[in-house]
Amino acid sequence: MTVYITSTGSFLPGPAIQVDQVENILGAVHDKPSSLRVQIQKANKIQTRHYAIDENQQTTHSNTEMATNAAEQCLDRAFLNREKVGMLAVASTQGDLPAPGMASMVQAELELPEIEILTTHGICSSSIMALKAAWNSLRLEEHEAALVLSSELASRLLKKQRYEAATTSTFAAKRIDFSTEFLRWMLSDGAGALLLQNKPAPKGLSLRIDWIRGFSHAHALPTCMSVGSAGRPTDSRTWQDYNTYAEAEQDGALLLRQDVRLLDNLMRMGVDGYLRLVEEGVSKPSEVDHFLCHYSSHHFKNKILEMLNTAGVGIPEERWWTNLYSRGNTGAASLFIMLDEFLRTDEVTVNVGDRVLCFVPESGRFNTTYLQLTVVEE
Amino acid sequence: MNNGDISIEGGETAPAEESVPEGVVLNPHAQVCLQHLLRVWLGFERDLSKVPLLRRIDLGTFTVEDHQVFLRNIRQQVIEGSRWITRTASSFDRNHSEIRSTIISHAVDEHRDYEMLEKDYVASGGKLEDILNMERNIGSEALHGFLMHRSSRPNPIDLLGAMWIIEGLGEKMAHSWAERIQELTGLSEDSTRFMTYHGHNDSEHMQRFYATLDSVGVNEEAIASIVKTAKVVARLYRLQLEEIEYDVQ
């Protein structure tokens, strides 16, 4: 059974926030402007992004609400009665509740009766896990249509109060901690939605799903992006091992961390997976018309990409497209938000028959995921 | 490709791969060979992260003693390196005089690198006699044996695969390890000169590598032999780092 993405939707909360306004939203820790903000923002080149918290760090939209809004837009654009949706797959790094799964909460908001649900847990690549499961469900002909959502509310982890509460953490001791501040100036909020069906939409363009693959390298590499530990190599406790959650927070175990030193491995493993797909004949670089890459920033000076050109498998720069710089890095939601705009933007000409290669790497513990779509019209 | 050039403090400050000059065009067989070699390298590099001694660099628990252990265990291979390289040169016949010249000049560049390594060892607080007394560890024996065997065969073009791995590691030491080791151990630059010098010297070697790959990687058989030797050397090099002798002999 061939499966198509027949509709998309997205939701970005509040106004577009400029580079110099970000600290007004997330708050200055102990009322002192960050000494790392400008440097990190320059490196990631993100110009505008959105937050689901206001200038007093109060939540304006829950994660469930954002996912629901994206889903509503997607369903409103679809040539399908929502009763036909048999499965709801929802991806997020952290739903509003640790339990139950976020899909339950979103299903309730969408009032979709008696459907099959799936919540995937992870970071950026959780969206691809959800998409693959839904795709397979349709391929197995268990459902005619599935809704796949990805939504992120990272700003709740990044607001100043989180850092101020970490009074005994490495961050507090050193007054500065690159690993906990790095993502503060990288991530923002938003949600995306894809509708999968067993036939293309009767009007307009659909995206046929050709293949979805993923390669995880957690067996070999240490954790690179995480929440739940204090980030000390000799301390194996995780947040639930502390006597109280308050102690875990004080110790910095609830701060979002990125070991920037390990990040270079992500690009390397990304290239390895891509070369593997080329070797297997799954991906043919010369046939890729558009390359949509969720690569969280351009802070690598990585000559490995030039080597790919020398090896004859590079993808020319003019075929790359992203909206990361205007919509922000919304983690798991990024690719869906990107696909939604890709089909509507004037920046790029999309023709029937075009092949779209997507790459979603997750730094968490190095999971690299890839998919290929082909533009079709009924 | 769309890639920025801003490096961030706390992150890697230099690329671990060598730049490819504008206009390098490899023949189609050599291109496929490079694709395979990249995968062998990336797999090797990832698997090095699992080697206990090296994992401590990633985890931030690497000590001065670890650095000394590393130098003590790698010295034999560095000494033997110049032997298999010169043997390789002598195994090429007159029809391969160009490649023979390239290999000879490479050997000249590196054949006394081990002396630098010994000075690093002393600078890091080790006793010279301790490093001089070290024998090859189990992995070094296997690696050395394999390289001497292959280099003794006529026209051993497959050893380009060995150079790919060993040169790549030189670059990695220079750009990923040396500074991090200094940071973690408090050792100064004069304890990691072998690592940094080796990487610096390697940029030239890389240009020669592409030229040689283009000239010898001309059919499927040649490619298969280069890639296989790269895989074997990657595995045996890792074995050398897994079979670390921790004690002074």
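1. Helices (H or I, at least four residues) and strands (E, at least two) are taken as DSSP runs, numbered from the N terminus. On that basis chain B has 10 helices and zero strands, and along the sequence its pattern reads α-α-α-α-α-α-α-α-α-α.

2. This is a predicted model, in which local features need pLDDT of at least 70 and side-chain atom pairs count only at pLDDT 80 or more, whereas totals for chains, interfaces and linings use all residues. Residues are numbered from 1 along each chain as its sequence is written, and chains are lettered from A and ligands numbered from 1 in the order in which they are written.

3. A residue is called buried if 20 or more other C-beta atoms, placed from the backbone, lie within 10 Å of its own, exposed if 12 or fewer, and partly exposed in between. Of the 249 residues of chain B, 45% count as buried.

4. A:Asp31, with phi of about 60°, is in the loop between α1 (22-26) and α2 (37-44) of chain A and is exposed, with 8 other C-beta atoms within 10 Å. A:Phe366, with phi near 65°, lies in the loop between β13 (355-362) and β14 (367-377) of chain A, but counts as buried, with 28 C-beta neighbours inside 10 Å.
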